[in-house]
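Student: I would like to learn how to read the features of a model one at a time. Could we go through them together?

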Amino acid sequence: MSAPSLAQAVAKRGWLSKMLKPVSNWYINAAGYRQMGLRTDDLISEEDENVLAALSRLPPKEAYDRIYRIRRAAQLSLSHKVLPKNEWTTQEEDVPYLRPLIEQLEAEAAEKAALDTLTIVKN
């Protein structure tokens, strides 16, 4: 199950979005994952069954790129270094690639649960 999000509520209120955008950018830069070449979806833990299933649905190139980014970040972390600034992940490159698959799997599981608990009433 996905974590609850306030993104829609913030997006509906322009003043709130303008107020929180600098805080959001500061947090992303402070987290440091983009400085190691990672994307946001690379940080999703692989302990959930839905995440594992979503990873198996990734195209081979995207799966390879994910593993490469994670291994490179681990190596950088061990050597206490960051990538050169021209290799950092930009906001345009940091698009969700795993989260849509996870949401699709959750929707499929909810549909399956609804169909499994379906009761048929004969007249």
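Tutor: What follows takes up helix packing, salt bridges, loop residues and a surface patch in turn. Keep in mind that this is a predicted model.

Student: Let us begin with a helix. Which residues of helix H3 are buried?

Tutor: A residue counts as buried when its relative accessible area is under 20%, and as exposed when that area is over 50%. In H3, which spans residues 49–57, the buried ones are Asn-50, Val-51, Ala-54 and Leu-55. Because they cover an arc of only 140 degrees around the axis, they sit on the same side of H3.

Student: What is found on the other side of H3?

Tutor: Glu-49 and Ser-56 are there, and both are exposed.

Student: Which helices do the buried residues of H3 pack against?

Tutor: They pack against helix H4, residues 60–78, and helix H5, residues 99–116.

Student: Now salt bridges. How many are counted?

Tutor: The test is a side-chain nitrogen of Lys or Arg within 4 Å of a carboxyl oxygen of Asp or Glu. By that rule there are 10 salt bridges. Take Asp-42 and Arg-69, whose closest N and O atoms are 2.7 Å apart. Asp-42 belongs to the loop between H2 and H3 and Arg-69 to helix H4, so this pair ties together parts that lie 27 residues apart in sequence.

Student: Are Asp-42 and Arg-69 buried or exposed?

Tutor: Both are buried. For Asp-42 the relative accessible area is 7%.

Student: Which residues make up the network of salt bridges that includes Asp-42?

Tutor: The linked residues are Arg-39, Asp-42, Glu-46, Glu-62, Arg-66 and Arg-69.

Student: What else does Asp-42 touch?

Tutor: Leaving aside residues up to four places away in sequence, Asp-42 touches Arg-66, Arg-69, Ile-70 and Tyr-97. With Tyr-97 there is a polar contact between side chains, at 2.2 Å.

Student: Asp-41 is found in the loop between H2 and H3 as well. What does the side chain of Asp-41 reach?

Tutor: It reaches the backbone nitrogen of Tyr-97, at 2.8 Å. Asp-41 has a relative accessible area of 1% and therefore counts as buried. Apart from residues up to four places away in sequence, Asp-41 touches Arg-66, Pro-96, Tyr-97, Leu-98 and Arg-99.

Student: Back to salt bridges. Which side chain does Glu-108 meet in one?

Tutor: Glu-108 meets Arg-57, with an N to O distance of 3.0 Å. This pair links distant parts of the chain, since Glu-108 is in helix H5 and Arg-57 in helix H3, 51 residues apart. Glu-108 is partly exposed, at 32% relative accessible area, and Arg-57 is also partly exposed, at 37%.

Student: Where is a salt bridge found within one helix?

Tutor: Look at Lys-112 and Asp-116, whose side chains meet at 2.9 Å, N to O. They are four residues apart in helix H5, which means that about one helical turn separates them.

Student: Let us turn to the loop between H4 and H5. What is the phi of His-80?

Tutor: His-80 has a positive phi of about 55 degrees, although it is not a glycine. The residue lies in the loop between H4 and H5, and it is exposed, with a relative accessible area of 74%.

Student: Glu-93 lies in that loop too. Which residues does Glu-93 touch?

Tutor: Glu-93 touches Arg-39 and Trp-88, not counting residues up to four places away in sequence. Glu-93 itself is partly exposed, with a relative accessible area of 43%.

Student: Last, the surface. Which residues form a nonpolar patch there?

Tutor: Reading a patch means asking which nonpolar side chains with over 30% relative accessible area lie within 5 Å of one another. Here Trp-15, Met-19, Leu-20 and Val-23 form one, and together they have about 430 Å² of accessible area. Met-19 is placed in helix H2, residues 14–31. At 49% relative accessibility Met-19 counts as partly exposed, because exposed is kept for values over 50%.

How values were computed: Residues are numbered from 1 along each chain as its sequence is written. This is a predicted model: local features need pLDDT of at least 70, side-chain atom pairs count only at pLDDT 80 or more; totals for chains, interfaces and linings use all residues. Side-chain values use heavy atoms; hydrogens and water are left out. Patches are made of residues with over 30% relative accessible area and no salt bridge: like charges are joined within 9 Å, nonpolar side chains (Val, Leu, Ile, Met, Phe, Trp, Tyr) within 5 Å. Accessible areas come from the Shrake-Rupley method with a 1.4 Å probe; for residues, only the protein chains shown count as cover. Helices (H or I, at least four residues) and strands (E, at least two) are DSSP runs, numbered from the N terminus. Buried means under 20% relative accessible area, exposed over 50%, partly exposed in between (1.4 Å probe, protein chains only). The arc is that of the directions from the helix axis to the C-beta atoms. Contact means heavy atoms within 4.5 Å. A polar contact is a pair of N or O atoms within 3.5 Å; within protein, one must be able to donate a hydrogen and the other to accept it, and residues adjacent in sequence count only if both atoms are side-chain atoms.
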